[in-house]
Amino acid sequence: MEEELAGKDDLILALNSGSSSLKFGIYYRGASDEEPLMTGSAEGIGHSNGSLRIRSGDGKPLVQREGILESQSDALSALGAAVQEHIHAVPVAVGHRIVHGGPNLRTHQLITPQVLDQLRSATHFAPLHIPQALLLIASAQSIFPSAAHFACFDDAFHRTVPEVASHLPLPQRYYDAGIRRYGFHGLSYESLVHHFGEQLPQRVIFAHLGNGASLCALRNGVSIDTTMGLTPTGGIPMGTRSGDLDPGVFLYLLRNEKFSADDLEDLLNHQSGLFALSSGESDVRVLEERARSNDLHASLALNIFALSVRKVIGAYIALLGGVDLLVFTGGIGEHSDPIRSAAANGLEFLGLIREKIQVVPTQEEQQIARCCRSMITQL
């Protein structure tokens, strides 16, 4: 095993941080693309049912641990030990997926003290994500001090969205302060554009459906609209996130339920979506099993989710003036045929026929490695 993993001097570590997970991959420059040398994930961070899995590039298990991982930094330390044991080389670069950088950080870039200061000042745009990202960056810089560290922003792909789609109907001073539609899942969408390359047609809709879910309309490979907005809470309903709501709901909760900002944040991000509609379950696989057993709450949750996706697909076909390709990706998009069918069926009259629909796995970690490789050459 050591002979297979050793001898690489151009390694890139890609870190894909979630709310309670950390996916990662170490890549080397192959003949035509970034090739995995080591991949893995830490799941259930902070919970008793946590796990850590690290595999070689060909899928052989290297580390398998069950139990509590207190933080992403703990998971990263375990990864650092595995790198030292099995690879005998350190990465030349570390790429960090960062959900939101605020209005002033909209391109992938080298992490400098100035970038870190800008990230800290943008915390109010993503209070659930930016502090965690800053902690992970600090840990990674400590574990891999000789590597160049890069920020790969999940909203960067959508900086091409025109103002007619990004400008919210609020007074201008709020737009000037950065209150606008940013959009997310950009690294996933970038990976799909890379996958199709020159074969990507003119009018395309991408649907990244997972615990977090969004859709994106592309013309000539460029994002022109997307469902998520100022934060990843917006857009269609998701696993535990509400998606877009009538603003009157917030006024009701503030006035009648005496909600605080923290109460609202917890409700909208952790207690809504499929979880709320089904009375406590956000896993689509479980919901589909319950629906087959005539569970009405599960059926309602799945139907609302699929209908919301279908509405956006129809709207984006209108926006694009037709559709040449619809791509499903993400855990639900890749694995749930009932959701895909319910979301796409009945839209044939808009030109969405079966031959225009594909399922493509997302490659966020590999895309982070690609971005870092490109930026390394510019240093």
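The legends below describe close-up views of a predicted model. Local features require pLDDT of at least 70 and side-chain atom pairs count only at pLDDT 80 or more, whereas totals for chains, interfaces and linings use all residues. Residues are numbered from 1 along each chain as its sequence is written, and side-chain values use heavy atoms, with hydrogens and water left out.

**Figure 1. The open sheet of eight strands.** The strands follow the order S5-S4-S3-S2-S1-S6-S8-S7, with mixed pairing. Strands, like helices, are DSSP runs numbered from the N terminus (E, at least two residues, for strands; H or I, at least four residues, for helices). Two strands count as paired if DSSP finds at least two bridges between them. The edges are formed by strand S5 (61–66) and strand S7 (109–110); each has a single partner strand, so one side of each is left without a neighbour in the sheet.

**Figure 2. The antiparallel pairing of S2 and S3.** Strand S2 (residues 22–29) and strand S3 (residues 34–43) run antiparallel and are joined by eight bridges. Arg-29 has Glu-34 in S3 as its bridge partner.

Figure 3. Six of the six residues of S8 are buried, so the strand is largely enclosed by the rest of the structure. Buried denotes under 20% relative accessible area, exposed over 50%, and partly exposed the range in between (1.4 Å probe, protein chains only). Ala-148, Phe-150 and Cys-152 point one way from S8, while His-149, Ala-151 and Phe-153 point the other way. S8 pairs with S6 in the parallel sense over six bridges, and His-96 stands opposite Ala-151 of S8. With S7, the pairing of S8 is antiparallel and comprises two bridges; here Leu-110 has Phe-150 of S8 as its bridge partner.

**Figure 4. Helix H4 across the sheet.** Helix H4 (residues 130–143) lies across strand S1 (12–17), S2, strand S6 (93–98) and strand S8 (148–153). Relative to S6, H4 runs at about 170 degrees. Axes are lines fitted to C-alpha atoms, for helices over the stretch in contact, and angles run from 0 to 180 degrees between N-to-C directions.

**Figure 5. The two cavities.** Two cavities of 30 Å³ or more are counted. On a 1 Å grid over the protein atoms alone, a cavity is a set of points where a 1.4 Å probe fits but cannot get out; a pocket is an open set with protein on both sides within 12 Å along at least five of seven lines, and lining residues have an atom within 4 Å of a point. Grid points are joined across faces, edges and corners, and the volume is the space filled by probe spheres set on the points. The largest cavity holds about 70 Å³ and is lined by Ser-17, Gly-18, Ser-19, Arg-97, Ile-98, Val-99, His-129, Gln-132 and Ala-133. S6 and H4 are the elements that give two or more residues to this lining. The second largest cavity holds about 30 Å³, and its lining consists of Ser-17, His-96, Arg-97, Ala-133, Leu-136 and Ile-137. H4 gives the most to the lining of the second largest cavity, with three residues.

**Figure 6. The second largest pocket.** About 350 Å³ of space lies in this pocket. Of its 21 lining residues, Gly-235, Pro-237, Ser-242, Gly-243 and Asp-244 lie nearest the centre. Two or more residues each come from strand S11 (222–226), helix H8 (247–256), helix H9 (261–270) and helix H12 (296–320). H12 gives the most, with four residues. By class, the lining has nine nonpolar, eight polar and four charged residues; Ala, Val, Leu, Ile, Met, Phe, Trp, Tyr, Cys and Pro count as nonpolar, Asp, Glu, Lys and Arg as charged, and the others, Gly among them, as polar.

**Figure 7. The enclosed helix H7.** Eight of the eleven residues of helix H7 (residues 186–196) are buried, so H7 is largely enclosed by the rest of the structure. The buried residues include Leu-187, Tyr-189, Leu-192 and Phe-196. Just after H7, Gly-197 takes a positive phi of about 55 degrees.

**Figure 8. The surroundings of Ala-343.** Ala-343 belongs to helix H14 (residues 337–344) and, at 0% relative accessibility, counts as buried. Residues up to four places away in sequence aside, Ala-343 touches Ala-306, Val-309, Arg-310, Ile-313 and Phe-328, where contact means heavy atoms within 4.5 Å. The C-alpha atoms of Ala-343 and Val-312 are separated by 9.4 Å, with the two residues 31 residues apart along the chain.
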